Amino acid sequence: MSSRRKFIQNTTLAGVGFSVFPHIGFANSKSQSKVNIGLIGVGLRGTNHLNNLLLRDDVAVTAICDIDENRISLNLDLIEKSGKKKPEVFGKNELDYKNLLELESLDAVIISTPWLWHARMAKDAMLAGKYVGLEVSAANTMEECWDLVNIHEQTGTHLMILENVNYRRDILAVLNMVRQNVFGELMHFRCGYQHDLRFVKLNDGKTAYGKGVEFGEKGISEARWRTQHSLLRNADVYPTHGVGPIAAMTNINRGNRFLSMTSHATKSRGLHNYIVEHGGEDHPNAKLNFKMGDVITSTIETSNGETIIVTHDTSLPRPYSLGFRVQGTKGLWEVDGNRIYIEGVSEPHRWDEADQWLKKYDHPLWVKYGEHAMGAGHGGMDFFVINAFVESVKQRIAPPMDVYDAAAWSSITPLSEQSIANNGEPQDFPDFTRGLWVKRVPYNWIKDTF
C-alpha cells in the first residue's frame, strides 16, 4: 500500500495541465488538476473504491452516502486515518443520495449500491451533471438500458461502467495478441461468470460469508438483496465480467455490434440443496422455489460473424473461473488449463502453456504500473479501472467503457430472461448507438496511460 501510495502521489498533476502520464502533457488545457468525487454506496465494494481513491492526491472524496450507519462510520474512520478532510455525509433515507447530487462542487460520483438502484441513481446523477462511475451490471431491464443512453445524449454527461475484468493482466495480454493478429481472424469466444456464490447468497445475518442460510431482511451484505434475483428471475443477471473483455476484443459498438442471442437454463437445485444441508429440510427457505436455473447458457451472434457463448453458473459447487476462450483462424487461448495453441508456432496438436505467451505480450499498462497496482483489489485490476475513471473525469472525455457499452452488455440480462421464457427463442439486440457503430472508431486499448 505504501509503495502504491507513493507511486500515485508521484504521478498526479503537479500543476494545471501537467502530469507524468504522457497522454496529458501540456496539451489539454481543459484537464483538471483535482476532482471532487462522491461515493453512493459504501458497502464492501464502495469501501474498496474509497481505499484506492484515498491514495490519490488528484482526488478529494467530498461526500459519501449510505443508509447503513455502520458502513458510514467505518468509511469516515478510513478517511480520518488517511489524513484527508471529512466528507459531507448523506443517508437519512434511500433517496438522500439526491441531496448529495445537488452539491455544486461535486465533479463525479461512483455508484456501488444493490443492482436495482444502479440505473435510477446513474440517471439522476447524469441529470445533475455529474460524471458517473457505475458498478456492474448497469441496468436490469431494457427500459433502463435505453434510459441511460437517452439521458447521456440529452445531457452530454458521461458514464463509465466500472468493469474491472477488462483490466485483468491475462485479459489485457490476450487483447494485445488479438490486436497484433496472433490468433488470426476472430471467430468464436467463450466467457461468463462461473463462481460458487452459495455462501454469499445465504448467510446468518451476522457474517457476510460462509455461515447460515438466510437472505433478504434476515441476511446481511449481498444476501440482503442479491439472492432475491435468484428467487424471482430466470436470467443471466451478471454478464459483464465475461462479456466486457470479449466486447473490447471484438470492437462492439465500434465497427461491430451484438445482433441476436438465444438462452437456455437448467433446472434449479443448488440453493435448495445448500439450504437443506446447512439449515435442514424444515427450514422455511427450504420450501422456496428458486426460479433462476443453476446454469444459464447464452449464445450471441455479432454483425461481423463471431459467436460468443456466455455462461452464468453461481449456485453449484465449482472452482472460480470466467471460462474465457478466444479463438481465431490461426489458433486459440483458453483460460481453463492456462493454454494456447498457435498454428505454425506451437507443436502440432499440442498445447503450449500460456505463461510464456502472456509474458511476451504483457500489456503496456501492466508492464509500466503492475507492481504499483498490486494490493488495489482483485489482483490489481481495481487500480486500473479507477485510474481510467479518474483520468477520464479530469480530462472531461468519454471513458474507455462508455454508456453504450453499459447498455449493450447489461441488456444481456433482460434478453436472456425473455429467451428462456420462450424456450430459447432468439432475441434481437437493440442498436443503442442508433447506427453510429458503423463509423465509431475503436477505443485504443493498447497504450500505457489508461
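Me: How many bridges join strand β13 to β14?
Reply: Two, and these strands run antiparallel. Strand β13 spans residues 339–342. Strands here are DSSP E runs of at least two residues, helices are H or I runs of at least four, and both are numbered from the N terminus. Two strands pair if DSSP finds at least two bridges between them.

Me: What are we working from?
Reply: A predicted model: local features need pLDDT of at least 70, side-chain atom pairs count only at pLDDT 80 or more, and totals for chains, interfaces and linings use all residues. Residues are numbered from 1 along each chain as its sequence is written, and side-chain values use heavy atoms, leaving out hydrogens and water.

Me: Which residue in β14 is the bridge partner of R339?
Reply: E353.

Me: Which helix packs on the sheet, touching β13?
Reply: Helix α7, residues 169–179. Helix α7 also touches β7, β11 and β12. Touching means contact, with heavy atoms within 4.5 Å. The direction of α7 makes about 175° with that of β12. Axes are lines fitted to C-alpha atoms, for helices over the stretch in contact, and angles run from 0 to 180 degrees between N-to-C directions.

Me: And what is the strand order of the open sheet?
Reply: β14-β13-β12-β11-β7-β10-β9-β8-β15, nine strands with mixed pairing. The edge strands are β14 (352–353) and β15 (427–428), and each pairs on one side only.

Me: New topic. Which residues touch the most other members of the largest nonpolar core?
Reply: I37, Y167, F258, V326 and F389, out of 120 residues. Such a core is a set of buried Ala, Val, Leu, Ile, Met, Phe, Trp, Tyr and Cys residues joined through side-chain atoms within 4.5 Å. Buried means under 20% relative accessible area (1.4 Å probe, protein chains only).

Me: Which helix gives the largest share of this core?
Reply: Helix α14, residues 381–395, with nine residues. There is also a second, separate core of ten residues, including V213 and F290.

Me: Is helix α2 mostly covered or mostly open?
Reply: Mostly covered: nine of its eleven residues are buried. Among them are R45, N48 and H49.

Me: At what angle do α2 and α14 pack?
Reply: About 70°, with their axes 10 Å apart. That makes α2 roughly perpendicular to α14 (65 to 115 degrees).

Me: Which residues of α14 make the contact?
Reply: D382, I386 and V390. On α2, R45, N48, H49, N52 and L53 take part.

How values were computed: Buried < 20%, exposed > 50% of the residue type's maximum accessible area, 1.4 Å probe, protein only. Parallel < 35°, antiparallel > 145°, perpendicular 65-115°, else oblique.
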